[in-house]
Amino acid sequence: MYVMKFRSNYLFLALPMLVFACNAPDEIGTLPPKEEVLDTIKYFTNPVYDVGPDPWVIERDDQYYVTYTTGRSLKLIRTDKMSQLRSNRSVERTVWTPPATGMNSDEIWAPELHYLDGAWYIYYAASDGRNENHRMWVVRTTSAEPLTGTWESLGELELPDDKWAIDGSPVDIGGQRYFAWSGWEGDVNVRQDIYLAKMDSPTRVSGPRVMLLRPREEWERNGTNPEVAEGPQFLAHEGKQFMFYSAGACWKDGYSIGAMVLTPGADPMDAASWSRLPQNPLLTSNPSGGAYGPGHNSFFKSPDGTEDWILYHANRNSGDGCADLRSIRMHRFTWSSDGLPQLGIPAATGQRIPVPSGE
């Protein structure tokens, strides 16, 4: 999450970092492309965007739309080539800024852009500047093009039990829409768990919340206090429904990505229907490659639809923590013969990687 995501005993470290808040321009056309052509094969290098905690990507009409945590606004990047995210092929816009005061005015984290029922929605976490007041919020545009549309605030996305909530993400499973998020069991920051509840519409969550995951494995707990599980992301493959998550706390190098899988045909609202993959964690730090604490991921297909890619943030140096030093990285991943994800190892900073197929 964002720099302010340091918990109570880390807050004093986070405040000075605000001076160095992300200042990516609304227009990024002046940035040089990070792509080269060697022997007719195109390559790119990580990072593909130099500042970008909690990256999210969605593809529609041959365009990729990327957003990330700025802490103070909602920004979108549009590109037709993910390997050139920071090049002059990409356009960035601030599409929404918060009010000056109130519960929706500060600490804006982990936005996600979704196209649901004929409109664009951005779900994000916000507060009044006090972390304990974080809740989920939503804005919408009915424009076909989200970068040029007029966005309206629809207010808080009210979640069951009205507890602390961040990292919200909607998902359709078997024709029913659900909303997943990272939250507290009570009113005190003892631990971040991952919850799920049913959605009646893009702006209404109903019924009880169910805790799907509590940090318990050694890599998930990672010696942290509080313990953290966050960033739920869903991906279906060959009849299997996976929920990926990040754990181990962004302020430690051990921050990593794991996944759970839903028993086919089982009720997603039954926590017993989900099980951790035995291969967890699936994506961990690559110290020799300058990629520490990979986490808060999303997924996309190559332009020709033949390859699966993961988008995530990571730090270049050990100890860089939860600040704006986290940059956006990406690499191709594969699947095992039994249909399980193999996320591989974070590519080294500056390593040449073939661009997604079809670029």
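A hairpin of 2 residues connects strand β13 to strand β14. The model is predicted, so local features need pLDDT of at least 70 and side-chain atom pairs count only at pLDDT 80 or more, while totals for chains, interfaces and linings use all residues. Residues are numbered from 1 along each chain as its sequence is written, and side-chain values use heavy atoms, with hydrogens and water left out.

**Strands around the hairpin**

Strands here are DSSP runs of E with at least two residues, numbered from the N terminus, and two of them pair if DSSP finds at least two bridges between them. β13 (residues 193-201) and β14 (residues 204-213) are antiparallel and share 6 bridges. Within this pairing, Y195 stands opposite M211 in β14. β13 is also joined by 6 bridges to β12 (residues 176-183), again in the antiparallel sense. There, S182 has I194 of β13 as its bridge partner.

**Salt bridges**

The structure holds 18 salt bridges, each defined as a side-chain nitrogen of Lys or Arg within 4 Å of a carboxyl oxygen of Asp or Glu.

For accessibility, buried means under 20% relative accessible area, exposed over 50%, and partly exposed in between, with a 1.4 Å probe and protein chains only. R140 is partly exposed at 24%, and E152 is partly exposed at 38%.

D161 is exposed, with a relative accessible area of 51%, whereas R209 is buried at 14%.

Because D187 lies in the loop between β12 and β13 and K163 in the loop between β10 and β11, the contact ties together parts that are 24 residues apart in sequence. D187 counts as exposed at 59% relative accessibility. Salt bridges with shared partners also join E185, R191, D193 and R214 into one network.

**The largest pocket**

The largest pocket has a volume of about 570 Å³. A pocket is an open set of points on a 1 Å grid over the protein atoms alone, where a 1.4 Å probe fits, with protein on both sides within 12 Å along at least five of seven lines; lining residues have an atom within 4 Å of a point. Grid points are joined across faces, edges and corners, and the volume is the space filled by probe spheres set on the points.

Of the 25 lining residues, W56, I58, F234, L235 and F299 are the closest to the centre of this pocket. β15 (229-237) is among the strands that each supply at least two lining residues, and β15 gives the most, with 5 residues. The lining divides into 15 nonpolar, 5 polar and 5 charged residues. Here Ala, Val, Leu, Ile, Met, Phe, Trp, Tyr, Cys and Pro count as nonpolar, Asp, Glu, Lys and Arg as charged, and the others, Gly among them, as polar.

**A sheet of 4 strands**

An open sheet has the strand order β19-β20-β21-β22, with antiparallel pairing. Its edge strands, β19 and β22 (341-342), each pair on one side only. β20 and β21 are joined by 7 bridges, and W309 stands opposite R332 in β21.
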